[in-house]
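This report covers selected local features of one protein chain. The sequence and the structure are shown first.

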Amino acid sequence: MKIAIPVEAGQVCPHFGHAPEFMVAITEEGKVVKAENHENPGHEPGRLPAWLSGLGVKAILAGGMGERAISLFHSQGIQVCVGVSGPADEVLAAFLEGRLEGGESTCTHVPGTGCSHGGGGCSH
């Protein structure tokens, strides 16, 4: 399974689309086989879901993400978990161990701008 995490200075970026890069980890049997960082190709509506889907990503672990983005990822068959924070490698390990809990989106948009503040399921 490929898992993507928006990263800024090694930490989960609080706003998904504004992350400077994305860590994409390839996992097998609950272990990381390979992890690579990819530069964000740009924050435009629909671009990141298509790009990450093209990379074969099946799950996203993020701090905050808008409701529309979550819907776009779901339409691509990608699981989304929001409300996570901390070092990206620790978040990934917690997810693989089945102990990662999502929560409130860390998105700081003004209400009414399409930002979702609901929790997400973080199991695989």
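## Aromatic residues

Phe22 has 0% relative accessibility in this predicted model, and because buried means under 20%, Phe22 counts as buried. Trp51, at 22% relative accessibility, counts as partly exposed.

The structure holds three aromatic pairs. One of them joins Phe22 and Trp51 in an edge-to-face arrangement, with 5.7 Å centre to centre and 65° between the planes. Phe22 belongs to strand S3 and Trp51 to helix H1 (residues 47–54), so this pair ties together parts that are 29 residues apart in sequence. Phe22 and Trp51 also belong to one aromatic cluster, together with Phe16 and Phe73.

Strand S3, which contains Phe22, pairs with S4 in the antiparallel sense, over eight bridges. Glu28 has Lys31 in S4 as its bridge partner.

S3 and S4 form a hairpin with two residues between them. In the turn, Glu29 has a positive phi of about 50°.

## Helix H3 and its cover

Helix H3 spans residues 88–96, and its buried residues are Ala88, Val91, Leu92, Ala94, Phe95 and Leu96. An α-helix has 3.6 residues a turn, so residues three or four places apart point the same way.

Just after H3, Gly98 takes a positive phi of about 75°.

How values were computed:
Residues are numbered from 1 along each chain as its sequence is written. This is a predicted model: local features need pLDDT of at least 70, side-chain atom pairs count only at pLDDT 80 or more; totals for chains, interfaces and linings use all residues. Side-chain values use heavy atoms; hydrogens and water are left out. Buried means under 20% relative accessible area, exposed over 50%, partly exposed in between (1.4 Å probe, protein chains only). Helices (H or I, at least four residues) and strands (E, at least two) are DSSP runs, numbered from the N terminus. Two strands pair if DSSP finds at least two bridges between them. Rings of Phe, Tyr and Trp (its six-membered ring) pair if their centres lie within 6.5 Å; planes under 30 degrees apart count as stacked, over 60 as edge-to-face and the rest as tilted.
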